[in-house]
Amino acid sequence: MITIALPKGALLSDSIQLFQKIGLDFSAFLDPKNRQLQISDPTQTATALLVRATDVPVYVEYGQAQLGIVGYDLLLEKKPVVANLVDLKFGSCRMSVAVPKTSPYQRPVDLPPHGKVASKFVNCAKEYFRSLDLPVEIIPLYGSVELGPITGMSEAIVDLVSTGKTLRENGLIEIDTLFESTSRLIAHPLSYRLNLDNLNNWVEKVRTSVINQP
């Protein structure tokens, strides 16, 4: 029986629909009355763990789950030792630099040397500004990052953007995109290489499902 780490939050519904298409039903996680964090599909073929999105690659890297679904943004931020196998095409968003609409800094390179940038994606932000050869201080925030420039704590933010509505409502605009992100199917490298529990068969079913989706 394989174990799959599913992410709580925005990716959960699409993740469950994906596995339903290949014969694994974990829809019990969508029941608001459900409090279980581990369930088996009705065929007793696989077990699913319901974990925070940031923890999915940890469970897979350490072998507690053979498969998982995680955003590409987290793979770049955390750099876990996992096999990145399939772009699942849902959960689309982008990692962006944003500043207040009234900011004099309309390009990232306009930011002052040693200026402050708030982000929960500290490593992605550091690599980006290093590529620009622009020394900045990255302030780690894990709540409402938009408050950084609103309160004057930072000149800019680096954060995930989907529709851009939250930025607009808080008077912020995007001035550059670091990368585009979608959800990915990841696997424990050794389990995948050795095809334990017929893991490759499930990976191919997922890949085929994604290719054939309308």
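Here's a quick tour of a pocket and a sheet in this structure. Keep in mind that the model is predicted. The largest pocket holds about 600 Å³ of space, and its lining takes at least three residues from each of domain 1 (2-91 + 182-211) and domain 2 (93-180). There's also an open sheet of 6 strands, with helices α1 and α8 packed on it.

**The largest pocket**
- A total of 22 residues line the largest pocket, and A53, D73, L74, F121 and L160 sit closest to its centre.
- Helix α3 (residues 72-78) gives the largest share of that lining, with 4 residues.

- Reading across, the strands run β2-β3-β1-β4-β11-β5, and the pairing is mixed.
- β2 (38-40) and β5 (83-87) are the edge strands; each has a single partner strand, so one side of each has no neighbour in the sheet.
- On average, neighbouring strands here are turned by 30 degrees against each other, ignoring direction.
- β2 pairs with strand β3 (residues 46-51) in the antiparallel sense, over 3 bridges.
- If you want to find that pairing on screen, look for Q38, whose bridge partner in β3 is L49.

**Helices on the sheet**
- Helix α1 (residues 12-21) touches β1 (2-7), β3, β4 (67-71) and β11 (183-187), and its direction makes about 150 degrees with that of β1.
- Helix α8 (residues 199-212) touches β1, β4, β5 and β11, and its direction makes about 30 degrees with that of β5.

Key. Residues are numbered from 1 along each chain as its sequence is written. This is a predicted model: local features need pLDDT of at least 70, side-chain atom pairs count only at pLDDT 80 or more; totals for chains, interfaces and linings use all residues. Side-chain values use heavy atoms; hydrogens and water are left out. On a 1 Å grid over the protein atoms alone, a cavity is a set of points where a 1.4 Å probe fits but cannot get out, and a pocket is an open set with protein on both sides within 12 Å along at least five of seven lines; lining residues have an atom within 4 Å of a point. Grid points are joined across faces, edges and corners, and a volume is the space filled by probe spheres set on the points. Helices (H or I, at least four residues) and strands (E, at least two) are DSSP runs, numbered from the N terminus. Domain bounds come from an automatic or database domain assignment. Two strands pair if DSSP finds at least two bridges between them. Axes are lines fitted to C-alpha atoms, for helices over the stretch in contact, and angles run from 0 to 180 degrees between N-to-C directions. Contact means heavy atoms within 4.5 Å.
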